[in-house]
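Please keep the model open beside you as you read.

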Amino acid sequence: MIVASENGAVTLYHDALSKFATSATGVTVTGELAATTIATTSDVVVGGNLTVNGTTTTINTSELTVDDINIEMGAVASPTDVTADGGI
């Protein structure tokens, strides 16, 4: 079902539950959002854990702050000459 107000909010429902709602300040998605690419020109705030799956993760920043004193590097089940090359 779709509920739309003229010049106002739009809400999409699935099984009587609000899943996507627009407002004057943006949108709210309830549930999982699947996308192949997410791009932004502003800040991104993650309100929970962040997991990045892939072979290369690049952070382009002039300052990186990590609160935890423990950083684990090269954590693989079976180390090899390839995985041992940490580059630091």
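1. Strand β1 (residues 2-4) and strand β2 run antiparallel and are joined by 3 bridges. Please bear in mind that this is a predicted model. Between these two strands, Val 3 has Thr 11 in β2 as its bridge partner. β1 and β2 form a hairpin, with 5 residues between them. In that turn, Asn 7 has a positive phi of about 55°.

2. On to the next pairing: β2 is also joined to strand β3 (residues 17-23), by 4 bridges, and these strands run antiparallel. Here His 14 has Leu 17 in β3 as its bridge partner. β2 and β3 form a hairpin too, with 2 residues between them. Asp 15, in the turn, has a positive phi of about 50°.

3. Have a look at Thr 11, which lies in strand β2 (residues 10-14). Is Thr 11 buried or exposed? Its relative accessible area is 14%, so Thr 11 counts as buried, the cut-off being under 20%. Setting aside neighbours within four places in sequence, Thr 11 is in contact with Met 1, Ile 2, Val 3, Ser 18, Phe 20 and Ala 21.

4. Now turn to Val 29, in strand β4 (residues 26-29). Val 29 has 34% relative accessibility and therefore counts as partly exposed. Val 29 also belongs to a nonpolar patch on the surface, together with Ile 2, Leu 12, Phe 20, Val 27 and Leu 33. The accessible area of this patch is about 530 Å² in total. Two patch members, Ile 2 and Phe 20, are also among the contacts of Thr 11.

Conventions: Residues numbered from 1 in each chain as written. Predicted model: local features only at pLDDT ≥ 70, side-chain atom pairs only at ≥ 80, totals over all residues. Heavy atoms only, no water. Buried < 20%, exposed > 50% of the residue type's maximum accessible area, 1.4 Å probe, protein only. Contact = heavy atoms within 4.5 Å. Patch = residues over 30% accessible without salt bridge, like charges linked within 9 Å, V, L, I, M, F, W, Y side chains within 5 Å. Areas by Shrake-Rupley, 256 points an atom, 1.4 Å probe, with all protein chains shown as cover. Salt bridge = Lys/Arg side-chain N within 4 Å of Asp/Glu carboxyl O. Pairing = 2+ DSSP bridges.
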